Amino acid sequence: AMLHWPVLAVAARRPATAAMVRSALQWAAVSALTVYLVLALGAGSAALPACVEESPELTATEREALREFILSEAPHPQHELDIQFENKVRLIGYDIDVESITPGQPFTITWYWQVQRRLGGGWLQFTHLADASGADRLNQDSNGTIRERYQASRWRANEYIRDVQTITLPPDWGSDRVVFYHGFWHEAHRLQVSSGPSDGDNRAR
């Protein structure tokens, strides 16, 4: 199922001159290539199977190695959000390292999560990129240190998660838009949106 929530438009073939951040529906006006960051919830797609199973607790050594990604104090994202998922996890914002995104060139986006209660039970993240037609083009479920080494089912209460993803659109992207589908899933279940814009079917928009 398609998940829609345009939150931000960023980047173009020429740099943006300013960013306008508007609470839950945020965007920065730019020109040619518009990137919509669509934060949503939903079950994993059978066609996009790159999600991983729940893993054991981190050892002290593993936790030390991940200390730049698992924070004990609240971060201060460039772009603030306040999206609550079932009183368990709150998306508090994100950083992006470019003002313009060009196909074929990498950019880094960092999501910041506040963990209020442990998810457990095999809950995982997904990130799928689609073009303006809605066709899925890239699967980024396992992209990034957090996705590989500290999955959402393992997050502990009172942690802040710095979820870094470096992404390159293919040179033949051929669309004036890229949509990020981003959320949590476990089997056929979704986390409910308890605070923040929703379509009424537990999908933020």
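**Burial, sheet and rings**

Mentor: Start with burial: 48% of the 205 residues of the protein chain count as buried. Keep in mind that this is a predicted model.

Trainee: OK. How many helices and strands are there in the protein chain?

Mentor: The protein chain has two helices and 12 strands. Going along the sequence, the pattern reads β-β-α-β-β-β-β-β-β-α-β-β-β-β.

Trainee: What order do the strands of the open sheet come in?

Mentor: The order is 3-9-6-5-4-12, six strands with antiparallel pairing. At the edges you find strand 3 (70–71) and strand 12 (193–195); each has a single partner strand, so one side of each has no neighbour in the sheet.

Trainee: And what holds paired strands together in general?

Mentor: Strands of a sheet pair through backbone hydrogen bonds. Here, strand 4 (residues 79–85) pairs with strand 12 in the antiparallel sense over two bridges.

Trainee: Which residue stands opposite Val193 in strand 12?

Mentor: That's Phe85.

Trainee: Switching to aromatics. How many aromatic pairs turn up in the whole structure?

Mentor: A search finds six. Take Tyr94 and Trp111: their ring centres are 6.0 Å apart and the planes sit at 50°, so this pair counts as tilted. Tyr94 is in strand 5 (residues 89–96) and Trp111 in strand 6 (residues 106–115), so the pair ties together parts 17 residues apart in sequence.

Trainee: Are those two buried or exposed?

Mentor: Tyr94 and Trp111 are both buried.

Trainee: What about Trp113 and Phe184, why is that pair edge-to-face?

Mentor: Because the planes of Trp113 and Phe184 are at 75°, with the ring centres 4.8 Å apart; the cut-off for edge-to-face is over 60 degrees. Trp113 lies in strand 6 and Phe184 in strand 10 (residues 177–186), so this pair ties together parts 71 residues apart in sequence. Trp113 and Phe184 are both buried.

Trainee: Which residues do ring pairs link into a cluster?

Mentor: Phe85, Trp113, Trp155 and Phe184.

Trainee: Nice. Where does Arg137 lie?

Mentor: Over the face of Trp173, 4.5 Å from the ring centre.

Conventions. Residues are numbered from 1 along each chain as its sequence is written. This is a predicted model: local features need pLDDT of at least 70, side-chain atom pairs count only at pLDDT 80 or more; totals for chains, interfaces and linings use all residues. Side-chain values use heavy atoms; hydrogens and water are left out. Rings of Phe, Tyr and Trp (its six-membered ring) pair if their centres lie within 6.5 Å; planes under 30 degrees apart count as stacked, over 60 as edge-to-face and the rest as tilted. Helices (H or I, at least four residues) and strands (E, at least two) are DSSP runs, numbered from the N terminus. Buried means under 20% relative accessible area, exposed over 50%, partly exposed in between (1.4 Å probe, protein chains only). A charge sits over a ring if NZ of Lys or CZ of Arg is within 6 Å of the ring centre and within 35 degrees of the ring normal. Two strands pair if DSSP finds at least two bridges between them.
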